[in-house]
Amino acid sequence: MNPDDPLLALLVCPLDKGRLALLTDEEALYNPRLRLSYPILDGIPQLLPSSGRKVDTDAHERYLAQLKASAA
């Protein structure tokens with residue numbers, strides 16, 4: 001999955017229905033509101049609620065910095 005993929009605009013978190021951000025280095029979709037990371041396996045986002053992995057504070061800050069840098 002790449003940042004220009006039109007599918008990315010349609011994908012939402014299964015828990016809060018909010019937008020997800022693509023973390024290309026991690027091969028994951030990230031919900032910064034709930035601090036959940038959803039893996040992308042073989043190009044397929046795993047968006048079951050049970051697939052979300054809780055992210056600690058250090059990883060959350062790192063992900064936010066990555067997202068801010070990629071938006072610039």
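The legends below describe an overall view and several close-ups of a predicted model.

Residues are numbered from 1 along each chain as its sequence is written.

View 1. From the N terminus on, the order of the elements is β-β-β-β-β-α. Helices (H or I, at least four residues) and strands (E, at least two) are DSSP runs, numbered from the N terminus. The radius of gyration is 11 Å, close to the 11 Å that the globule rule gives for 72 residues, so the protein is as compact as a globular protein of that length. This radius is taken over C-alpha atoms, and the globule rule is 2.2 Å times the number of residues to the power 0.38. The C-alpha trace spans about 25 × 25 × 20 Å along its principal axes. Of the 72 residues, 35% are buried. Buried means under 20% relative accessible area, exposed means over 50%, and partly exposed is in between (1.4 Å probe, protein chains only).

**View 2. Asn31, a buried residue in strand β2.** Strand β2 covers residues 28-31. The relative accessible area of Asn31 is 0%. Its side chain reaches the backbone nitrogen of Arg33 at 2.9 Å. A polar contact of this kind is a pair of N or O atoms within 3.5 Å; within protein, one must be able to donate a hydrogen and the other to accept it, and residues adjacent in sequence count only if both atoms are side-chain atoms. Leaving aside residues up to four places away in sequence, Asn31 touches Cys13, Asp16, Leu20 and Leu36. Contact here means heavy atoms within 4.5 Å.

**View 3. Leu36, a contact partner of Asn31.** Leu36 belongs to strand β3, which covers residues 36-41. With a relative accessible area of 10%, Leu36 is buried. Beyond residues up to four places away in sequence, Leu36 touches several others, including Leu15, Leu29, Gly52 and Val55. Leu36 and Val55 are 19 residues apart in sequence, and their C-alpha atoms are 5.8 Å apart in space.

**View 4. Lys17 and Glu27, two residues with positive phi.** Phi of Lys17 is near 60°, a positive value in a residue other than glycine. Lys17 is in the segment before β1, the strand of residues 21-23, and is exposed at 56% relative accessible area. Glu27 is not a glycine either, and has a positive phi of about 50°. Glu27 sits in the loop between β1 and β2. Its relative accessibility is 53%, which counts as exposed.

**View 5. Asn2, in the segment before β1.** Asn2 is partly exposed, with a relative accessible area of 40%. The side chain of Asn2 reaches the backbone nitrogen of Asp5 at 2.9 Å. Not counting residues up to four places away in sequence, Asn2 touches Leu8 and Leu22. Asn2 and Leu22 are 20 residues apart in sequence and 7.9 Å apart in space, C-alpha to C-alpha.

How values were computed:
Predicted model: local features only at pLDDT ≥ 70, side-chain atom pairs only at ≥ 80, totals over all residues. Heavy atoms only, no water.
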